[in-house]
Amino acid sequence: MNYKRCVYFVEGPCEEKLINALKVEPRLLTPGKVNVYNIIQNEIPRREVNMIKAGTTVVLVFDTDVEKTDILRKNIDYLKKYVLQVKIVNLAQVMNFEDEIARATDVKKAQDLTKSLSVSEFKTAFCKFKVEECRNALNRHHLDISQLWSKTPPDKFSFVKQDGDLIKL
């Protein structure tokens, strides 16, 4: 990737933990700052956009289980308008975080990764992992980075390109 700076906008703390775990050596993702900010539900505040330097790669991580795209479109347009030479990379989670984890590892459902009984219990346990513990759990379950953010998003999201390969190392 030609861009030297990278910033991630992720939907929640589970995505934050995942991105940070994938940046641990040996790195599987381009390093960068991670901001928890749901870009599907909320417009990125002007102060956040003003802190992004020209030539930065902005990575947007979002779920596609709710077909609401108006704010996502606004956020992408806003970044293109106010950040010079911005490169936007979309990591659409088809349908959601749990589905991505199940698709990219050997577990049948995400809860199996943490031996949880429910999705909410899984998310709580996943977020409690230290970064190294998270990476180790993913490795134990044979994480295949090529499967993360690789599935085509639903039609409602056809305006975004699934381009995870641009930040995978």
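Which residues are buried in H1? In this predicted model, the buried positions of H1 are Cys14, Glu15, Lys17, Leu18, Ile19, Ala21 and Leu22. Helix H1 is thus mostly covered, with seven of its ten residues buried. An α-helix has 3.6 residues a turn, so residues three or four places apart point the same way.

A packing partner of this helix can be described next. Two packed helices are described by the angle between their axes and the distance between the axes. For helix H1 (residues 13-22) and helix H7 (residues 131-140), the angle is about 80° and the axes are 8 Å apart. Because angles of 65 to 115 degrees count as roughly perpendicular, H1 and H7 are roughly perpendicular to each other. On the H1 side, the contact is made by Lys17, Leu18, Asn20, Ala21 and Leu22, and H7 contributes Val131, Cys134, Arg135 and Leu138. By class, the residues of this contact comprise six nonpolar, one polar and two charged.

The discussion now turns to the largest pocket. Its volume is about 190 Å³, and its lining consists of Arg5, Cys6, Val7, Phe9, Lys33, Asn35, Glu48, Met51, Ile52, Lys53 and Thr56. Two elements, strand E1 (5-10) and strand E2 (33-36), each give two or more residues to this lining; E1 gives the most, with four. The lining residues divide into five nonpolar, two polar and four charged.

Most residues other than glycine have a negative phi, and most peptide bonds are trans. The peptide bond from Glu25 to Pro26, however, is cis, with omega near -10°, and Pro26 is placed in the loop between H1 and E2. Another cis peptide bond joins Val94 and Met95, with omega about -10°; Met95 belongs to the loop between strand E4 (87-93) and helix H4 (97-104).

Thr69 counts as buried because its relative accessibility is 6%, and the cut-off for burial is under 20%. Apart from neighbours within four places in sequence, Thr69 is in contact with Lys156, Phe157 and Phe159.

Conventions:
Residues numbered from 1 in each chain as written. Predicted model: local features only at pLDDT ≥ 70, side-chain atom pairs only at ≥ 80, totals over all residues. Heavy atoms only, no water. 1 Å grid on protein atoms, 1.4 Å probe; cavity = no way out; pocket = protein on both sides within 12 Å on 5 of 7 lines; lining within 4 Å. Points joined across faces, edges and corners; volume = space filled by probe spheres on them. Nonpolar A, V, L, I, M, F, W, Y, C, P; charged D, E, K, R; others polar. Axes fitted to C-alpha atoms, helices over the stretch in contact; angles between N-to-C directions. Parallel < 35°, antiparallel > 145°, perpendicular 65-115°, else oblique. Contact = heavy atoms within 4.5 Å. Buried < 20%, exposed > 50% of the residue type's maximum accessible area, 1.4 Å probe, protein only.
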